[in-house]
Every structure is written in structure tokens, then in C-alpha cells.
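Please look through the model shown below with the following report at hand.

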Amino acid sequence: MVKINLALQGGGAHGAFTWGVLDRILEEDDVEIAAISGTSAGALNGAALKAGWLKDGRQGARDNLDWLWSQVARLDDMATPKWMQAWLPTPAAISKSIEYSPIYMLGDTLGRMMSPYAWGPLYENPLTKIVDQFDFGRVCAQDGPELYVCATQVRSGKVRVFTGDRITTHSILASACLPTMFQAVEVEDPETGVVEAFWDGGYTGNPALFPLFKPQLPDDLVIVNINPLHRDTVPVMPNEIQNRINEISFNSSLLRELRAIEFVQRLIEDGSVKEGAMKKLRVHMIADDALMNNLSVATKLVPVPSIITRLKEAGRCAAGEFLLNHKADIGHRQSVDLVKMFG
């Protein structure tokens, strides 16, 4: 049995990629998930996995993730027949068609000009009715994988991590609260006990890695990355520029923590720190930057069923490739070259 920690990025509807990754990992009977840190869509995926796991093991976790994404896409059956997929537009074409549609452009413009508070009594967070259905008795249980949900405290700008009984509908909604779209979510600050306003955790921890540094947790950290770290072309159109700004912003906290991990690794390796004095993590990553480069913020915000289906399949393929090439590395060596990443 190999044990791993999972770090699940946020990224709106692109979190369906993580759904596929988890679905494939859960098929491996000899891989145990010890802890999960998630932000935004990563928090939803983590909560769904844990609740399902405690209800009916691995199959329960897979079933609960299927339920979650059927709710997001408003579909009873998420599977698109393979014969039909060849006739569907490419993800890039769908992304562009949404970005340049008059309705989306109008909504995007209004979102930059109007505050979500302007809606008054008409305001509603569409995720509420989904998250309210989570079995929080299981989500918050001490059994099963440890779960950590990241959000950003608005007034201080600091990262906050919710765990145990502090994980509620409100803390998960806070983790997924984009301030241009949703009103800040008020919930008790886990550090101070004072009710505070929170925004999306992606600004300060996408996801937060430090909760997974605990001595009792495994040394292998598997990051499911859904915001591309690299793009081959320089954005020139306004929507492309804004999209890349969002990606850089939402990756910055992750890169900062990875740099700190690499620094600790070097200290241990050159003898500056004694072995065992600090945790030496082994970092792994599952991603599909080629696919994500063909998508944009439009497909993050608009849950297109065909895109969600393809993201799930892409996640399953990426996880399968990772397990084929690097499952044997777990417990022995890391598969991400952090020195090259920051070189």
C-alpha cells in the first residue's frame, strides 16, 4: 500500500479534470489517500470524495464525485458516446465561441462595471443548493482522509484553512468566491473565532500545501494542476490578457510554496539541516497543460457539458499515465524536477 497526500487546485468548471484524476486514482486499491487540501473546485472535489469514501469506500467516493459533477453540469448522464465525440467541436472552438458570444461578452463587461452587491435581494450564489446537499457529518468526520479547505480573508488578505467541524457550506462557498461574481461569504475565521468576510482561496493558496506538512502524513504530495504554468504564446487580445493574468495570479501561491519545498530539500541534501529536523516532501504533479492551453476563463465560468466530459476523460488519462510512469516512485523519489521548474 502506498500513501499519498492530494493538493487540488481550483479553476471553476475545469475542476472536472480533477474529477477524472480522482476517479482513476480511486481504481487503484493499493493507493491510499491520507489527506486532501483543496481550493474552490478542489474543495468541492475533496469534500465529495471524503463523504462518499466514508459512505461506501472507493466506489462511494467515485459515485459521489459523479453526483457532484452531474449537478454542476445539470445532467443525469455525463457520458458522451465515443462515436459522438468525433462530431463535437474541439474544446478550443467551444471556448472561443463562448468568449466571443454577445451574451458572454455582455456578462463579462457588466461584471467589471457592476458589483455583485448591486443585485440586492435578487442575489443568489448558484453553488449553494449543491453544497447544501453535502453530507457534512461525513465531510467533517475524523475518519477517512484529512480534509483542508482554503479561503482568503478579505480584510487581512491572509490565507485561512478550514478543517474538521469548521468545514461547512459557508466555508466551501468562501473557498470558491470570485469577488467579481459573488458577494463575500461571511464565516467564522478559524484563526480568530471572529466572523469575517472571505473570498476565493486561489489568491493565497491554490491549494495551500502547508497543512500537508504534518509529520504524521505521508511524504508524497500529488498536486493536481488545472491552471497551466506555461503558455507558448504571448496573449494580445483583451480576453487572452485577462485570462493569463488570472492564471498567473492563481498559480503564484502554489509556486511560492513549491519554491520553499525545493529550498528545504536543498538544505537537507547539503547537510545544512539534519535529516528528520524538517519534512522532506516528494512532489508529484498531474496536469494536462496542452488541453488547458486550448481553454480559457470562459469554460471555467460556463459549465459546458461536452467540455466537462472531455475534462474528466483527460483527467483519467493523465492520472493513468502518471500511475504507469511514476507509481513506483511513490515512497522513494519525487517525479517533478523542482530545480528545472525554477531554473
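Helix H9, which covers residues 238-269, has 32 residues and reaches 45 Å from its first C-alpha to its last, close to the 46 Å expected at 1.5 Å a residue; the expected span is taken as 1.5 Å times one less than the number of residues. A kink of about 35 degrees is centred on Ser 252 in H9, the bend at a residue being the angle between axes fitted to the seven residues ending there and the seven starting there. Just after H9, Gly 271 takes a positive phi of about 85 degrees. Helices (H or I, at least four residues) and strands (E, at least two) are DSSP runs, numbered from the N terminus.

This is a predicted model, in which local features need pLDDT of at least 70 and side-chain atom pairs count only at pLDDT 80 or more, while totals for chains, interfaces and linings use all residues. Residues are numbered from 1 along each chain as its sequence is written, and side-chain values use heavy atoms, with hydrogens and water left out.

Over the whole chain, the secondary structure comes to 13 helices and eight strands. Of the 343 residues, 51% are buried, where buried means under 20% relative accessible area, exposed over 50%, and partly exposed in between (1.4 Å probe, protein chains only).

A search of the whole structure finds 21 salt bridges, each defined as a side-chain nitrogen of Lys or Arg within 4 Å of a carboxyl oxygen of Asp or Glu. Three of these pairs are set out here.

| Salt bridge | N to O distance |
|---|---|
| Arg 316 and Asp 23 | 2.6 Å |
| Arg 160 and Asp 189 | 2.8 Å |
| Glu 262 and Arg 266 | 2.7 Å |

The salt bridge between Arg 316 and Asp 23 links distant parts of the chain, with Arg 316 in helix H12 (residues 305-326) and Asp 23 in helix H1 (residues 16-25), 293 residues apart. Arg 316 is partly exposed at a relative accessible area of 21%, whereas Asp 23 is buried at 3%. Both residues belong to a network of salt bridges that also links Arg 24, Glu 27, Glu 28, Asp 30, Arg 62 and Lys 327.

In the salt bridge between Arg 160 and Asp 189, Arg 160 lies in strand S4 (residues 159-163) and Asp 189 in the loop between strand S5 (185-188) and S6, so the pair ties together parts that are 29 residues apart in sequence. Arg 160 counts as buried at 11% relative accessibility, and Asp 189 counts as buried at 0%.

Glu 262 and Arg 266 both lie in helix H9, four residues apart, about one turn of the helix. Glu 262 is buried at 9% relative accessibility, while Arg 266 is partly exposed at 40%.

Most residues other than glycine have a negative phi, and most peptide bonds are trans. Ser 40, although not a glycine, has a positive phi of about 55 degrees; Ser 40 lies in the loop between strand S2 (31-39) and helix H2 (41-73) and is buried at 8% relative accessibility. The peptide bond from Asn 206 to Pro 207 is cis, with omega near -10 degrees, and Pro 207 lies in the loop between strand S6 (195-200) and strand S7 (220-224).
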